[in-house]
Amino acid sequence: MAYGPDNTRATKLVVAIFKTPASRTADELHRWYITEGDVRHDPGIAAEVAAFAKQQEVKETTAVDRIVGCAHEEGIEYPMGRTCPHCPFWANIDRFTHEPIKPPAPTQSPEQILAELSVVRDTQPLEALQSADAHREALTAPLLEAMERGIANPADLPEGEAMLFSYATYLLAKWRETRAYPSFIRWLSLPGEGAHDIGGDTVEQDGKRFLASVCDGNLEPIKQLVLNREANDYCRGQALEALALLAIWGEVSRPPIEEYFLWLAREGLSREPNHVWISLCSACLDLEAVGVFPELRRAYDDGLIEEDCISREEVDEVEAGPRGKWIERQREWRPPIADVAEATAWWVCFKREPGSKASQLAEYARHIAESDPDFDGPATPYIAPTKTGRNDPCPCGSGKKFKKCCGG
């Protein structure tokens with residue numbers, strides 16, 4: 001595929017080798033660059049491409065007959081979910097058709113959208129969600145207010161208000177609304193089960209993405225949450241993993257985050273077993289922060305990290321493996337929120353196609369809730385299942401380990 005600063009000149013050529021038709025990712029990848037002219041018309045590069053294909057014993061080839069985007073890599077050369085600052089031509093341009101991307105015209109008013117998002121239903125309010133972007137300016141203040149009402153009354157929030165609260169978190173995160181940052185911090189800083197009382201599974205599922213989306217590079221409130229021993233340990237863990245996610249998205253530089261993780265492992269965290277240590281280990285693995293691994297092993301020796309959640313062997317696997325593999329996996333599994341309907345399709349309250357991953361996860365969550373004698377019914381549309389260890393079989397039924405599937 002060819003890439004360039006606009007749709008007339010290609011400065012980068014990428015050849016990907018797939019060893020089987022079922023391969024989801026390339027087995028071999030090679031890139032060629034030029035600074036002048038067009039890479040597609042360079043005879044020297046053409047000869048190198050032919051030699052590369054011969055070396056890989058390519059049996060069949062396919063090519064795209066046009067430039068398919070800018071030459072810079074999202075998450076590496078500019079942050080994920082952002083517009084490339086080097087190639088303004090491609091902003092809001094479809095990279096295959098080269099036509100402007102026009103958002104669908106809204107079919108609902110702001111008032112109708114808020115009403116639709118405040119109802120507990122078994123199907124997604126797709127029309128309201130599709131209309132929301134066009135009314136961002138009018139909806140932002142009411143959604144911020146919905147978050148504040150939830151934070152002020154976490155245990156007794158009416159179901160409709162709880163539903164609106166949760167939609168507000170996803171929409172504000174999608175819009176990268178920095179004014180929501182203090183609200184997210186206050187929500188995840190609630191003591192006890194306060195944060196879960198409002199948001200249920202959204203805490204563990206997307207808390208890290210919420211914080212990373214709205215912080216705009218201001219890391220201090222997130223770091224304060226990490227160290228806040230009055231907050232729920234799972235919320236503190238989400239704050240910690242948000243820091244890794246910011247580096248993975250390319251929003252902040254990796255070395256300062258790795259240095260902070262090293263400080264946490266050496267002296268910043270209290271040396272008592274809790275979920276924050278598990279999150280620190282998970283974040284270091286996802287970020288491939290191998291400089292912290294000796295301290296993580298010391299934490300294992302001291303009984304601070306449960307091997308049922310993350311095994312020592314996984315630390316060894318990341319350390320021995322190729323650099324970039326786990327970071328790329330996180331970019332794929334935890335990108336910035338771009339589609340709220342897609343990001344919330346897993347909610348337990350929604351009907352879904354029988355046999356789908358979302359359906360299997362929802363049924364698993366219902367089973368756990370119904371088997372708990374102390375379960376009185378959810379105050380929100382979500383049911384939190386028991387925590388699955390990263391090396392446990394994934395509850396979706398895929399046959400893979402949780403860490404390699406839904407917990408990746």
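Which residues are linked with Lys-12 in a network of salt bridges? The partners are Arg-31 and Glu-73, which join Lys-12 in that network. Keep in mind as you look around that this is a predicted model. Across the structure, the count of salt bridges comes to 26, and a search for cavities of 30 Å³ or more finds one. Here is a short tour of both topics.

**Salt bridges between helices and within a helix**

- Glu-319 and Arg-297 meet through their side chains in a salt bridge, with 2.6 Å from N to O.
- Glu-319 sits in helix H14 (residues 312-320) and Arg-297 in helix H13 (residues 293-301), so this pair ties together parts that are 22 residues apart in sequence.
- Glu-319 is partly exposed at 35% relative accessibility, and Arg-297 is also partly exposed, with a relative accessible area of 25%.
- Glu-328 pairs with Arg-331 in another salt bridge, where the closest N and O atoms are 3.3 Å apart.
- Both Glu-328 and Arg-331 belong to helix H15 (residues 325-333), and they are three residues apart, about one turn of the helix.
- Glu-328 is partly exposed, having a relative accessible area of 42%, whereas Arg-331 counts as buried at 14%.

- Arg-179 forms a salt bridge with Glu-177, and their closest N and O atoms are 2.8 Å apart.
- Arg-179 has a relative accessible area of 54%, so this residue is exposed, since the cut-off for exposed is over 50%.
- Glu-177 has a relative accessibility of 6% and therefore counts as buried, the limit for buried being under 20%.

**The cavity**

- The largest cavity has a volume of about 50 Å³.
- Its lining is made up of Lys-208, Glu-241, Ala-244, Leu-245, Ile-248, Ala-283, Asp-286 and Gln-330.
- Two elements give two or more residues each to this lining: helix H10 (233-249) and helix H12 (275-287).
- Helix H10 provides the largest share of the lining, with four residues.
- Sorted by class, the lining of the largest cavity has four nonpolar residues, three charged residues and one polar residue.

**To take with you**

- For the cavity, helix H10 is the element to find, as the source of four lining residues.

Note on methods:
Residues are numbered from 1 along each chain as its sequence is written. This is a predicted model: local features need pLDDT of at least 70, side-chain atom pairs count only at pLDDT 80 or more; totals for chains, interfaces and linings use all residues. Side-chain values use heavy atoms; hydrogens and water are left out. A salt bridge is a side-chain nitrogen of Lys or Arg within 4 Å of a carboxyl oxygen of Asp or Glu. Buried means under 20% relative accessible area, exposed over 50%, partly exposed in between (1.4 Å probe, protein chains only). On a 1 Å grid over the protein atoms alone, a cavity is a set of points where a 1.4 Å probe fits but cannot get out, and a pocket is an open set with protein on both sides within 12 Å along at least five of seven lines; lining residues have an atom within 4 Å of a point. Grid points are joined across faces, edges and corners, and a volume is the space filled by probe spheres set on the points. Ala, Val, Leu, Ile, Met, Phe, Trp, Tyr, Cys and Pro count as nonpolar, Asp, Glu, Lys and Arg as charged, and the others, Gly among them, as polar.
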